[in-house]
Amino acid sequence: MCLKCGQVRDAVKVFDEMPVRDTVSWNTVISGFLRDGVSETGFGYFKKMLESEYCRFDKATLTCVIAGFDGVEGCYLNKMMHGLAVMNGFERETAVGNALITSYCKCGCFGSARRVFDEMFERNVITWTAMILGLALYGFYAESLKLFAEMRGGVVESNAMTFLGSLMACSGLQAIREGSQIHGLVWKLGVQSDLCVESSLMDMYSKCGSVEDAWRIFESTEELDEVSMTVILVGFAQNGYETEAIQIFVKMMRSGIEIDPNMVSAVLGVFGVDTSLGLGKQLHSLIVKKNFGYNSFVTNGLINMYSKCGELEDSEKVFTRMPQRNSISWNSMIAAFACHGDGSKALQLYENLQIEGVQPTDVTFLSLLHACSHAGLIERGMEFLNFMKEEHGMSPRPEHYACVVDMLGRAGLLTEAKSLIEGLPENPGILVWQALLGACSIHKESDIGKYAADQLFLTAPQSPAPYVLLANIYSFDGRWKERAKTIKGMKKMGVAKEAGISWIEIEKKVQSFVVGDKMHPQAEIIYRLLADLLRLMKDEGYVPDERFLLYYLDQDEKR
């Protein structure tokens with residue numbers, strides 16, 4: 001009773017004064033400390049219990065002690081408890097086996113967890129769920145789903161937590177067919193109204209790209225919680241429905257739904273260069289009002305939001321005022337400086353990161369390479385690439401190599417960039433070839449540009465980028481036949497260039513425009529003003545360079 005009420009000292013005093021302590025007494029005080037997070041004291045009492053001559057532990061003792069282990073160091077302790085259980089004849093106890101599986105999974109020892117699972121004499125729903133959920137939580141999605149299918153072929157019925165694990169596996173694999181089948185089972189067994197299951201179903205459909213199905217579940221939900229609202233916001237954002245995500249969030253606020261930090265973080269994640277800065281500032285006011293500034297996810301989101309909206313100074317203010325910064329905070333700020341072309345500040349911030357003792361991640365180096373690319377710091381950039389491999393043991397991803405190729409390409413070192421790509425241990429991927437072709441477009445290098453474009457035609461045949469960039473290179477060289485051939489190849493493949501878009505925010509409203517746009521209500525006035533500006537530019541000596549105008553249909557033939 002004292003432990004449940006938080007009176008730890010009183011509980012210890014009562015326990016110490018007991019003339020006779022049985023197994024139940026020991027179990028109560030041990031589990032009380034472990035439940036309250038005072039693990040060291042709890043394990044200390046367990047050790048005293050082992051040393052006691054008058055009392056012997058039971059399966060309840062083992063399960064509550066095993067449940068207290070987590071982290072890498074917990075794996076070793078788990079194995080000690082596992083050995084203790086076997087030595088004392090508790091290996092056949094289902095509850096002990098379940099506790100070992102759960103704890104091994106929490107510690108990342110999946111091989112040991114699976115051995116316990118395979119060797120168990122009797123498995124109940126908790127056994128299966130612990131293994132299925134443990135595998136899914138740590139990214140072993142295929143194994144988790146396979147185990148769920150095996151469970152369905154047996155006699156043990158699934159519960160809500162089992163479905164939670166299997167749906168998590170479907171989300172990770174983007175397996176919408178299997179996820180839909182599990183959705184049917186959920187309805188059949190009548191657990192569709194469980195809040196966790198509903199949220200998992202929405203998450204699964206969202207990650208599989210079926211936002212409509214996720215929205216239908218959201219609308220049919222009788223009771224909404226913070227998790228389900230965050231899931232639907234993230235789902236819309238991740239599938240390109242940024243505007244809709246913001247509209248849903250605004251409706252939630254207006255309807256009086258309690259907003260939590262996770263929901264705010266999800267909405268901040270949808271902000272981009274074409275999103276209203278005014279709305280972002282309103283969100284910042286809400287964060288201050290609700291005192292969400294302590295939440296690192298929220299503050300990291302603010303840094304990214306201001307950076308994407310072009311307000312670098314505000315990003316920096318948020319960063320400097322953060323009470324506690326994690327690696328994501330540092331990465332976000334370094335990336336902000338890099339994106340805005342301030343390479344010196346990005347590199348200085350990296351120096352500060354090292355002084356603070358924060359370990360850089362692969363994302364840190366990606367931002368640093370980006371900064372070096374825009375600042376023309378070739379040697380420094382190559383140092384970072386080697387440093388992440390040799391000092392930190394990180395394997396560069398295609399994104400890292402794309403930054404390095406872009407860095408070399410901007411400096412005109414196209415041959416060196418091509419040699420770097422050819423020396424890579426595996427297929428460099430689309431991003432790397434695009435970086436090389438983009439650099440060739442800048443420097444009007446047709447031979448290497450054709451080489452890069454040919455690689456892109458093979459790896460990304462539906463992408464308009466290689467056709468457009470190669471056509472522009474040919475335009476500069478005056479090679480109109482090759483240019484026409486490139487455009488015809490683009491038409492033959494059915495590839496269309498996505499129209500460029502520009503925007504401006506006026507009075508908290510974003511005005512967007514595409515090439516030849518006549519849909520704007522003030523289009524006539526805008527075009528009249530543009531014509532006046534072009535006339536003034538020509539009077540000042542401006543001569544339009546028509547070599548890079550890309551026509552799709554028969555306009556190439558008119559030259």
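Student: How are H7 and H8 oriented to each other, roughly parallel or roughly antiparallel?

Tutor: Two packed helices are described by the angle between their axes and the distance between the axes. Axes are lines fitted to C-alpha atoms, for helices over the stretch in contact, and angles run from 0 to 180 degrees between N-to-C directions. Angles under 35 degrees count as roughly parallel, over 145 as roughly antiparallel, 65 to 115 as roughly perpendicular and the rest as oblique. In this predicted model, the axes of helix H7 (residues 110-119) and helix H8 (residues 125-137) cross at roughly 160° and come within 11 Å. H7 and H8 are therefore roughly antiparallel to each other. Helices (H or I, at least four residues) are DSSP runs, numbered from the N terminus.

Student: What is the handedness of the crossing of H7 and H8, and which residues meet there?

Tutor: A crossing is left-handed if the near helix is turned anticlockwise from the far one by less than a right angle, and right-handed if clockwise. H7 passes H8 in a left-handed crossing. Contact means heavy atoms within 4.5 Å. From H7, Phe110, Ala113, Arg114 and Phe117 meet Thr127, Trp128, Met131, Gly134 and Leu135 of H8. By class, this contact of H7 with H8 has six nonpolar, two polar and one charged residues. Here Ala, Val, Leu, Ile, Met, Phe, Trp, Tyr, Cys and Pro count as nonpolar, Asp, Glu, Lys and Arg as charged, and the others, Gly among them, as polar.

Student: At what angle do H6 and H7 cross?

Tutor: The axes of helix H6 (residues 94-106) and H7 cross at roughly 165° and come within 8 Å. H6 and H7 are therefore roughly antiparallel to each other. The crossing of H6 past H7 is left-handed. Gly97, Leu100, Ile101, Tyr104 and Cys105 of H6 make the contact with Phe110, Ser112, Ala113, Val116 and Phe117 of H7. The residues of this contact of H6 with H7 divide into eight nonpolar, two polar and no charged.

Student: How do H15 and H16 pack?

Tutor: Helix H15 (residues 242-254) packs with helix H16 (residues 261-268) at an angle of about 150°, and their axes are 10 Å apart. That makes H15 roughly antiparallel to H16. H15 passes H16 in a left-handed crossing. Ile246, Phe249 and Met252 in H15 meet Met263, Val264 and Val267 in H16. The contact of H15 with H16 has six nonpolar, no polar and no charged residues.

Student: How is the length of helix H28 read?

Tutor: The expected span of a helix is 1.5 Å times one less than its number of residues. For the 13 residues of helix H28 (residues 465-477) this should be 18 Å, and the end C-alpha atoms are 19 Å apart, which agrees. Just after H28, glycine 478 takes a positive phi of about 75°. The buried residues of H28 pack against helix H26 (430-443), helix H27 (446-459) and helix H29 (480-492).

Student: Is serine 199 buried or exposed?

Tutor: Buried means under 20% relative accessible area, exposed over 50%, partly exposed in between (1.4 Å probe, protein chains only). At 6% relative accessibility, serine 199 counts as buried. Serine 199 lies in helix H12 (residues 195-207). Not counting residues up to four places away in sequence, serine 199 touches Asp225, Val227, Ser228 and Val231.

Student: Which class does methionine 382 fall into?

Tutor: Methionine 382, in helix H23 (residues 378-390), counts as partly exposed at 25% relative accessibility.

Student: What conventions apply to the numbering and to the predicted model?

Tutor: Residues are numbered from 1 along each chain as its sequence is written, and side-chain values use heavy atoms, with hydrogens and water left out. In this predicted model, local features need pLDDT of at least 70 and side-chain atom pairs count only at pLDDT 80 or more, while totals for chains, interfaces and linings use all residues.

Methods: Helix = DSSP H or I, 4+ residues; strand = E, 2+ residues; numbered from the N terminus.
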